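Visitor: Please pick one part of this structure and walk me through it closely. I'd like the cut-offs along the way, and then some sense of the chain around it.

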Amino acid sequence: MALIKSWVASANSADTPFPLNNLPYGVFSTPGTEPRCGVAIGEMILDVAACEMDGLITLDADGAFDLPFWNDVMDLGPEVWQKLRARLIELLSENAPERDAVAPHLVPQAEAEMHMPMLVAEYTDFYAGRHHATNVGTMFRGAENALPPNWLHIPIGYNGRASSVVVSGTDIIRPNGQTKAPDAEMPSFGPCKRLDIELEMGAIVGTSTVLGQPISVAKADEMIFGYVLLNDWSARDIQAWEYQPLGPFQAKAFATSISPWIVTKPALEPFRTSTPAREKDLLPYLREPGPMLYDIELGVTMAPAGKDATTIARTNYSQMYYSAAQQLAHHASSGCAMTAGDLLGSGTISGPEKSERGSLLELSWGGKEPITLDTGETRSFIEDGDTLTLTGAAKGDGYQIGFGSCTGTILPAIHFP
Ligand code: MN
């Protein structure tokens with residue numbers, strides 16, 4: 001696969017995250033206009049709501065783009081998704097006859113504000129990265145019992161909160177919560193002292209399942225609309241006290257950030273790759289009929305207030321032990337109904353090397369080995385004013401499928417009570 005050329009000049013650079021091969025879906029507004037659906041192309045956004053109004057794009061559902069979310073388009077199903085993509089490629093490719101009609105509907109990204117790309121129906125977060133689970137397990141239970149006994153058989157997850165999923169660029173208020181120091185008699189309440197990130201990918205479910213009906217892994221893969229970068233902000237000290245025996249609650253409920261552009265499956269198709277070798281055979285309902293992970297290079301940077309960013313980790317989505325399709329099939333296996341707009345967090349993505357760890361908990365080994373930033377400052381966890389940014393791109397031959405960035409700055413906790 002090579003770069004597909006567009007008449008939008010900025011889309012033909014090897015460095016743009018948004019060549020014609022990508023065409024990710026977002027929701028944008030410009031000063032004085034309402035948020036609506038747009039497609040990134042080079043340094044521009046194609047206003048697809050305006051294109052539909054002009055008759056350049058015709059879908060089965062009128063007005064599906066003139067809304068501040070992509071859920072209505074998701075609901076139309078995979079055949080319409082394919083038609084839409086084919087039409088966008090037609091309109092934006094090098095020798096498009098409609099060029100003069102389309103050009104007025106391009107908006108510079110620099111002038112646009114990005115919003116949440118979809119209404120998040122529900123949010124589930126998994127724990128499917130083997131290196132992450134092994135690192136965390138080693139810290140808390142010792143190397144012998146690092147992986148819980150179910151881990152190689154089930155993509156473990158918990159039901160998170162859709163209400164606190166926010167788009168990249170949204171400031172994050174440091175959470176308050178209940179914690180207990182090991183030697184303290186009583187717990188206390190106050191600002192989180194061990195605030196962390198989790199580098200994850202988010203899979204967006206594009207069609208619904210019927211309550212009571214399980215689905216195969218192949219069907220689950222068909223149902224996925226696209227992927228975003230996801231930061232599962234985590235309060236480690238709150239988590240350590242609250243999680244037994246039901247798992248994370250307030251430690252994860254205060255915020256989850258996602259990147260603004262939904263990168264669709266067809267754009268990622270050339271980068272499909274297999275999950276790692278199975279250490280134990282999976283039960284038949286979880287077996288994959290083909291490669292369902294993607295080779296996506298990921299990075300994390302940290303910038304103290306007003307200072308330059310330092311790259312603190314680099315890893316790859318192909319490190320996951322379970323794919324999003326396996327997670328979705330497992331999620332529906334009990335009969336749990338899945339909905340268009342459901343967001344599935346992959347679980348923290350860490351590689352085998354120290355520089356590939358996707359959380360500060362791992363990078364600083366529970367705070368015992370603080371990391372040093374390029375500014376000379378050290379960090380075990382996040383301080384007020386720090387900006388954390390996730391980046392991701394699949395690298396092709398002379399082009400890339402970029403995700404843009406997923407960034408957030410930490411504001412001081414609210415004094416309470
Ligand atoms: Mn997580």
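Guide: Let's start with a word we'll need a lot: a residue is buried when its relative accessible area is under 20%, exposed when it is over 50%, and partly exposed in between (1.4 Å probe, protein chains only). Bear in mind that this is a predicted model, where local features need pLDDT of at least 70 and side-chain atom pairs count only at pLDDT 80 or more, while totals for chains, interfaces and linings use all residues. Numbering runs from 1 along each chain as its sequence is written, and side-chain values use heavy atoms, with hydrogens and water left out.

By that cut-off, Glu198 and Glu200 are both buried.

Now for Ile224, in strand E14 (residues 224-231). Helices (H or I, at least four residues) and strands (E, at least two) are DSSP runs, numbered from the N terminus. Ile224 is buried, with a relative accessible area of 1%. Setting aside neighbours within four places in sequence, Ile224 is in contact (heavy atoms within 4.5 Å) with Trp81, Ala203, Ile204, Gly206, Lys265, Ala324, Ala325 and Leu328. Asp196, by comparison, is 28 residues from Ile224 in sequence and 28 Å away in space, C-alpha to C-alpha.

H10 (residues 324-332) is mostly covered, with nine of its nine residues buried.

Zooming out, the chain has 11 helices and 26 strands, and buried residues make up 54% of its 417 residues. Among contacts between residues at least 6 apart in sequence, 72% join residues at least 24 apart. As for overall extent, the C-alpha atoms fill a box of roughly 75 × 50 × 40 Å along the principal axes.
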